[in-house]
Amino acid sequence: MRKINVLQIGAVPRRAASTAKRPRMHPRFEESVGYLVRKTHHAIVARLDERFLEHEISPSIYSFLRRLSDEDGLTQKELADALGLTPPTAVAAIDNLERRGFVERRLNGADRRKRHIYLTPSARQLVAKLRPLATEVNDIALADLSNAETTELMRLLHKVSDSLLRAASENNVLEVAE
């Protein structure tokens, strides 16, 4: 029997995780990774809320608009995956964006089950106004870090995220007969 990861069928295999185990600490709550990431996330969202208020846009709405401004025409599923959302959550948000005139859905000519999401011209103008505000918040968050520390922080956060995603996908493994 071999194992197939149901979340990564067709994906390129990842490098095996290191077998060396780090001794487990039992940090104080204020020192746990989850707490620190959540605290940081809440602080960033609060600063974005302050800046986006006059535009009546939430940071979560901005994340959709910003992602589409980088790569317009993603499918609903691709957009959900890119933002780390479940498909039903993403569809509800896209419905809201469509009602507000920020996006339009277009059927895929080859596969009519797929819908691609595109920004409207007014959404592009809005992103152009909001992007400097988001950059300002990012700059505030990183103000006390050197360029090298910023690069290292990004590398480490990707590594932590990848580790958690890998652990989640390992829990969705099927055994199949060869």
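**Exercise 1.** What span should the 13 residues of helix α4 (residues 87-99) have at 1.5 Å a residue, and how far apart are its end C-alpha atoms?

*Solution.* The model is a predicted one. The expected span of a helix is 1.5 Å times one less than its number of residues. For the 13 residues of helix α4, this rule gives 18 Å.

**Exercise 2.** Determine how the buried residues of α4 are arranged around its axis.

*Solution.* Begin with the cut-off: a residue counts as buried under 20% relative accessible area. In α4, the buried residues are A90, A93, I94 and L97. Viewed down the axis of α4, these residues fall within an arc of 105 degrees, so they line one face of the helix. Finally, the cover over the buried residues of α4 includes α2, α3 (76-83), β3 (103-107) and β4 (115-119).

**Exercise 3.** Classify P59 as buried or exposed, and identify its contacts beyond four places in sequence.

*Solution.* First locate the residue: P59 belongs to helix α2 (residues 59-70). Its relative accessible area is 14%. Because this value is under 20%, P59 is buried. Leaving aside residues up to four places away in sequence, P59 touches V45, L48, D49 and F52. For V45, the separation from P59 is 14 residues in sequence and 6.3 Å in space, C-alpha to C-alpha.

Key. Residues numbered from 1 in each chain as written. Predicted model: local features only at pLDDT ≥ 70, side-chain atom pairs only at ≥ 80, totals over all residues. Heavy atoms only, no water. Helix = DSSP H or I, 4+ residues; strand = E, 2+ residues; numbered from the N terminus. Buried < 20%, exposed > 50% of the residue type's maximum accessible area, 1.4 Å probe, protein only. Contact = heavy atoms within 4.5 Å. Arc of directions from axis to C-beta.
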